[in-house]
Amino acid sequence: MSCYESIFRDALFAGQVGLVTGGGSGIGRCIAHEMARLGAHVVLVGRTVEKLERVAAEIAEDGGSASWWACDIRDEAGVKAMVAEIVAAHGRVDMLVNNAGGQYPSPLAHLSKKGWEAVVATNLTGGFLMAREVFEQSMQTFSRREHRAQGRPGPAIVNIIADMWRGMPGMAHSGAARAGMQNLTMTAAVEWARFGIRVNAVAPGWIASAGMETYDEPMKTTITHLHKSVPLKRLGTESEVSAAVCFLLSPAAAFMTGQTLSVDGGAPLYPNQFPIPAHSNSLAFNGFHRATTPAFLSAHLQSPEDADQT
Ligand SMILES: CCCCCCCCC/C=C/C(=O)SCCNC(=O)CCNC(=O)[C@H](O)C(C)(C)COP(=O)(O)OP(=O)(O)OC[C@H]1O[C@@H](n2cnc3c(N)ncnc32)[C@H](O)[C@@H]1OP(=O)(O)O
Ligand SMILES: NC(=O)C1=CN([C@@H]2O[C@H](COP(=O)(O)OP(=O)(O)OC[C@H]3O[C@@H](n4cnc5c(N)ncnc54)[C@H](OP(=O)(O)O)[C@@H]3O)[C@@H](O)[C@H]2O)C=CC1
């Protein structure tokens with residue numbers, strides 16, 4: 001386990017209350033630690049009590065302030081009750097990090113309806129329910145004028161999505177849900193801007209997080225090769241995602257809303273494995289154009305169906 005020094009100033013979030021879903025492990029745990037280190041009281045949300053208790057104890061050990069709430073973010077009544085209790089206990093919610101999520105690998109054609117719905121509910125519906133309740137119940141507690149009078153904006157929301165910019169082959173359910181969450185981020189940003197609420201997203205690429213441990217051995221082998229497809233030639237860290245989240249929650253991002261920050265080492269920009277030449281060859285253009293097919297590549301011009309028949 002590593003420790004990172006936050007680049008943000010001490011007490012940046014002093015006096016603020018932040019909710020982190022999925023705060024019991026991985027990226028969410030790291031975000032919760034950093035927010036607490038910056039002075040926030042952090043409420044950790046997840047389904048497994050032991051994980052939440054452990055992280056809350058770690059934060060207390062480090063001198064921070066944290067509590068936890070066990071809740072499945074897909075359970076509408078549970079989310080409503082949880083946000084109500086948190087608002088009653090702390091008076092408000094200043095920050096929401098919609099980080100809970102996950103998926104399992106499967107070819108699109110093999111996805112069951114139940115599996116699809118489980119992943120979409122986790123990565124899209126759950127985030128929607130959390131954001132809506134925090135919005136609704138914050139608005140009931142404080143009017144915009146009261147927020148202004150106290151010199152505070154409304155809650156800042158950050159949604160964790162994923163690198164799904166070119167689809168998400170092998171994880172179609174998650175790609176569809178994350179794309180939905182990115183779109184929801186933009187809509188919420190516009191609809192809630194007049195209440196001083198900012199809504200942004202962070203799209204992690206491949207991160208060496210505790211969550212990667214949840215996969216089976218064949219997937220873990222795949223994951224050990226992923227760095228080759230990243231221009232920066234490594235996986236990201238939990239703390240690099242956390243830094244982007246804390247930036248978006250902070251006043252440094254006061255004029256940013258509806259945006260998605262990618263933390264991915266440039267992976268979606270250059271997914272291919274061919275080497276970049278040191279010098280480009282200039283191509284002479286004389287009005288003709290020619291077409292040739294190198295013999296060794298002929299087979300690769302066939303569609304998979306044609307290739308099967310040969
Ligand atoms: C590709 C290369 C990229 C390579 C690139 C890889 C890196 C990608 C980057 C992303 C990395 C991460 O997100 S890392 C974070 C990973 N962390 C996680 O994924 C942990 C959280 N995940 C989960 O909780 C689960 O996966 C999730 C399905 C979302 C929620 O589960 P639930 O508790 O709701 O439900 P379960 O009861 O477990 O499952 C409900 C149904 O879902 C289906 N289901 C669930 N798990 C299943 C499984 N492993 N295989 C088949 N089907 C499954 C079944 O139909 C289940 O019903 P039954 O058949 O009746 O049981
Ligand atoms: N690691 C990576 O490379 C990437 C990760 N991401 C996303 O970042 C987020 C954090 O992932 P990471 O830290 O790696 O993985 P983890 O598996 O460690 O974190 C996921 C957390 O979400 C919680 N969670 C899952 N489902 C629910 C639910 N229905 N209700 C409440 N809590 C839930 C889990 O706790 P519990 O099971 O106890 O509820 C867990 O603590 C996820 O959304 C993930 O998909 C996106 C792109 C890349």
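Guide: The axes of H4 and helix H6 (residues 172-192) come within 8 Å and cross at roughly 15 degrees. Axes are lines fitted to C-alpha atoms, for helices over the stretch in contact, and angles run from 0 to 180 degrees between N-to-C directions. This is a predicted model, in which local features need pLDDT of at least 70 and side-chain atom pairs pLDDT 80 or more, while totals for chains, interfaces and linings use all residues. Residues are numbered from 1 along each chain as its sequence is written, and chains are lettered from A and ligands numbered from 1 in the order in which they are written.

Visitor: Why are H4 and H6 called roughly parallel?

Guide: Angles under 35 degrees count as roughly parallel, over 145 as roughly antiparallel, 65 to 115 as roughly perpendicular and the rest as oblique. The axes cross at roughly 15 degrees, and H4 and H6 are therefore roughly parallel.

Visitor: How many residues surround ligand 2, and which helix gives the most?

Guide: The shell around ligand 2 holds 30 residues, and H1 gives the most, with three. Helices here are DSSP runs (H or I, at least four residues), numbered from the N terminus.

Key:
Helices (H or I, at least four residues) and strands (E, at least two) are DSSP runs, numbered from the N terminus. A residue is near a molecule or strand if its C-beta atom, placed from the backbone, lies within 6 Å of it.
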